[in-house]
Amino acid sequence: PKSSTTVLTQNVLDIYNNALGMVGLEKITNINDDSAQRVALDAAWDFGAVNHCLEIVKPSFSRKTAKLTSSAVSANHDLDNVFTLPSDWLENVAVYSDSRLDQPIARYITENRTIACEYDTIYIRYVSTDNAAVYSVWPSSFSHVLSAYLAREIAVAFAPKEYEILVKKFSDI
């Protein structure tokens with residue numbers, strides 16, 4: 001049986017190699033490869049590639065719902081109820097006034113890890129960072145989006161002619 005570290009390494013290696021293939025570069029054989037391409041991929045990954053793709057795609061594996069009831073009063077605007085967002089919050093999907101999630105709230109402000117609105121209790125659907133590193137729950141489509149993003153990020157340095165194609169490919173995803 002493969003250890004979780006081996007699986008993690010293999011998943012990242014597969015994502016990296018998919019990105020390298022999109023740029024037209026040779027694949028690497030392991031995640032510790034000394035190549036400039038691998039170092040560039042690591043830099044893009046470490047700069048928040050996974051969270052960036054989660055924010056853009058809002059995949060179902062990363063969505064959660066939370067009921068927020070404890071609010072503070074704002075000194076900056078007339079939206080009187082300011083709620084602290086969950087610690088794993090990354091991006092809103094939708095905000096609702098009811099527990100059935102069928103009454104969306106149109107007027108709210110999200111800033112500084114808070115959300116403000118006119119309601120005493122709100123229900124938010126949001127993108128969570130909880131599964132950001134749980135590769136076993138990622139569908140291949142999300143890994144593909146991440147590969148396309150990484151390819152776009154390294155293309156400027158390694159395949160400038162491919163950059164515009166990758167920008168379009170990533171925006172079409």
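**Strand pairing**

I started with strand S7, residues 122-128, and found six bridges joining S7 to S1 in an antiparallel run. A reminder to myself: this is a predicted model.

Lys67 sits opposite Tyr123 of S7, and Leu68 has Ile122 of S7 as its bridge partner.

Next I turned to S4. S4 and S7 are also antiparallel, with six bridges between them. One pair I noted there is Ala94 with Arg125 of S7.

**The sheet as a whole**

In what order do the three strands lie in the open sheet? I read the order as S1-S7-S4, with antiparallel pairing. The edge strands are S1 (63-68) and S4 (89-96), since each of them pairs on one side only. I get an average twist of 30° from one strand to the next.

Helix H3, residues 49-57, lies across S4 and S7 and runs at about 15° to S4.

Is S7 mostly enclosed or open? Six of its seven residues are buried, so the rest of the structure largely encloses S7.

I moved on to the loop between helix H1 (4-23) and helix H2 (36-46), where Ser35 is found. Ser35 has a relative accessibility of 17%, and I count Ser35 as buried because the cut-off is under 20%.

Which backbone atom does the Ser35 side chain approach? A polar atom of that side chain lies 3.2 Å from the backbone nitrogen of Arg38.

Arg38 and Asp42 are about one helical turn apart, because four residues separate them in helix H2. I find both Arg38 and Asp42 buried.

**Salt bridges elsewhere**

How many salt bridges does a search of the whole structure find? The search gives six.

I looked at Asp88 and Lys64 next, whose side chains meet in a salt bridge at 2.9 Å, N to O. This pair links distant parts of the chain, 24 residues apart: Asp88 is in the loop between strand S3 (81-84) and S4, and Lys64 is in strand S1.

Are the two partners buried or exposed? Asp88 is buried, with a relative accessible area of 8%. Lys64 counts as partly exposed, at 30% relative accessibility.

My last pair was Arg100 and Asp102, a salt bridge with its closest N and O atoms 3.8 Å apart. Arg100 has a relative accessible area of 70% and is therefore exposed, the cut-off being over 50%. Asp102 is partly exposed, with a relative accessible area of 41%.

Which residues do salt bridges with shared partners join into one network? I noted Lys64, Asp88 and Asp130.

Key: Residues numbered from 1 in each chain as written. Predicted model: local features only at pLDDT ≥ 70, side-chain atom pairs only at ≥ 80, totals over all residues. Heavy atoms only, no water. Pairing = 2+ DSSP bridges. Helix = DSSP H or I, 4+ residues; strand = E, 2+ residues; numbered from the N terminus. Axes fitted to C-alpha atoms, helices over the stretch in contact; angles between N-to-C directions. Contact = heavy atoms within 4.5 Å. Buried < 20%, exposed > 50% of the residue type's maximum accessible area, 1.4 Å probe, protein only. Polar contact = N/O pair within 3.5 Å; in protein donor to acceptor, adjacent residues only side chain to side chain. Salt bridge = Lys/Arg side-chain N within 4 Å of Asp/Glu carboxyl O.
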